[in-house]
Amino acid sequence: MSNPKKGELRAHMNKGSLEEQIADYIVANQDNHYRLAYSYVKNVDDALDIVQDSIYKAISAKDSLKDSSYLKTWFYRILINSALDFLRKHKKIVVIDEETMSGLDSGTIDKYQNLDLQRALDELPDYYRSIIVLRYFEDLKIKEVAEILDVNINTVKTHLYKALKTLRIQMQDED
Amino acid sequence: MKDKNLDELKKKYLETPIPSQLDFVVKKALQESRAAAAKKKRFNRARIAAASIAAALVILIVGVNTSPAFAQTLSKVPVVGSIVRVITLREYKVNEGQYMADIKVPEIQGMENKTLENSLNEKYLAENKELYEQFMAEMKAMEEKGGGHKGVSSSYEVKTDNDTIFSVCRSILTIEGSSNTELKYDTIDKKKQVLISLPSLFKDDSYVDVISNNIISQMREEMKSDEGKIYWLDDQVEDVPIEPFEQISKDQNFYINTEGKLVISFNKYDIAPGCMGTPEFVIPTEVISDLLVGDEYVR
């Protein structure tokens, strides 16, 4: 590789070792990872902790990633497991004060027309919520969701349907 | 699959505010976990070494009893282990959202040469104090200009701790947009209780060229066998406005590893793109053996 042009030079830099690829991927997608963590714990500090934990786990278990084409689903799986672990350890009771309650109750015009829907989503069991978040918010393929949650594709489809039904959202054909 | 409700939920999801600390948290976690992974590898090797020492002990016991010559050789082996160690003297932590600092001040203990011990410890304290004050000043300046992001983390690691050598590495990680890592080393002769400098290992200055040439050939070798690697050598930087690596400085960062090999270390960006981290090169002893003052440290 004598005389590489700038573009080639960059391409070379990007290849790197597996650990390097993992690190690059983590930095490039940190916002997505944070949002996903936050969707579980709804708290900035806890979400940051989960992102941090996941990075430690990923680097120390990098040998478990056999093929770098699975990098994304592999890391999402670590991230979601960390978030679920966290929730198990810190079983939280959501306390809503009276003011907020009456705010929710009032028939006044609210810019969050979908507050009920948001709450319905938040109240879904973690597993079902994960499917919705990964499939529709993170735009992953059904196959990828199945890999992350370690279930087969048909199971994901069935559960996705069930989750959407609970949210009373009309689903069209999923393939 | 299009649904107005789902779209709205997605919109809200994507609007989750990203905290400014995220960048720092991610970079720090990556740096620490990667350092720990590298250390674990070394540790595994150390365990193998420990097992072979245990095996050697059994042979020694037999040896002392059977051979007077063997017993005589043995008496020259220092038995008492070293007690020089390094601890965290104090830690400065700042966590102000966009501004984060985690500064650990190391302190060396257990040296007989208290003058050297004190001078090293004073240096560590002064360095870290300066780092902290600089951080606070820059934080204030940024704040006055309307805010910014900055992270500083300093830590240390014992590289070698055997009968003769105690090498400690201090690293400073600064994050401002991109991250930078600066390393500094101190290597102490525990027997003589003196600080070892790079020039003091050699008879004259010719080591600069010899080591530099060896490093350059190691770089070429690495780049040939692994396409992902890149170092700034003259033929690599023709189209890029970067100074190519030509030679090490006289007092280049170095340490002596547990195998008694000289290791030359570089800061991030010094000789390679940032993705190469902080490169280091083990110099084969045969390359420099003619230039060494003795084989006491480097073997």
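The following legends accompany close-up views of a predicted model.

**View 1. Overall make-up of chain B in the predicted model.** Six helices and nine strands are found in chain B, and 25% of its 299 residues count as buried. When contacts in chain B between residues at least 6 apart in sequence are considered, 55% of them join residues at least 24 apart.

**View 2. The hairpin of strand 1 and strand 2 in chain B.** Strand 1 of chain B, residues 85–96, pairs with strand 2 of chain B, residues 99–109, in the antiparallel sense, and 11 bridges link the two. Two residues lie between these strands in the hairpin, and B:Gly97, which belongs to the turn, has a positive phi of about 75 degrees. Within this pairing, B:Asn95 stands opposite B:Met100 of strand 2.

**View 3. Strand 2, helix 4 and strand 3 of chain B.** Strand 2 of chain B is also joined to strand 3 of chain B, residues 150–161, by five bridges, the two strands running parallel. Together with helix 4 of chain B, which spans residues 114–144, strand 2 and strand 3 make a β-α-β unit that is left-handed.

View 4. B:Glu280 is part of strand 9 of chain B, which covers residues 280–283. With residues up to four places away in sequence left out, B:Glu280 touches B:Val263, B:Ile264, B:Ser265 and B:Phe266. For one of these residues, B:Ile264, which is 16 residues from B:Glu280 along the chain, the C-alpha atoms of the pair are separated by 5.5 Å.

**View 5. A:Ala37 in the largest nonpolar core.** The largest nonpolar core has 88 residues, and those with the most contacts inside it are A:Ala37, A:Val51, A:Ile55 and A:Leu79. A:Ala37 touches A:Val51 and A:Leu79, and also A:Ala47, A:Ile50 and A:Ala83, when residues up to four places away in sequence are not counted.

**View 6. A:Leu84 in helix 5 of chain A.** A:Leu84 lies in helix 5 of chain A, which extends over residues 71–89. A:Leu84 counts as partly exposed because it has 15 C-beta neighbours inside 10 Å. The C-alpha atoms of A:Leu84 and A:Tyr127 are separated by 9.3 Å, although the two residues are 43 residues apart along the chain.

Methods. Residues are numbered from 1 along each chain as its sequence is written. Chains are lettered from A and ligands numbered from 1 in the order in which they are written. This is a predicted model: local features need pLDDT of at least 70, side-chain atom pairs count only at pLDDT 80 or more; totals for chains, interfaces and linings use all residues. Two strands pair if DSSP finds at least two bridges between them. Helices (H or I, at least four residues) and strands (E, at least two) are DSSP runs, numbered from the N terminus. A crossover is right-handed if, with the strands pointing away from the viewer, the path from the first strand over the helix to the second runs clockwise. A nonpolar core is a set of buried Ala, Val, Leu, Ile, Met, Phe, Trp, Tyr and Cys residues joined through C-beta atoms within 7 Å. A residue is buried if 20 or more other C-beta atoms lie within 10 Å of its own, exposed if 12 or fewer, and partly exposed in between; C-beta atoms are placed from the backbone. Two residues are in contact if their C-beta atoms, placed from the backbone, lie within 7 Å.
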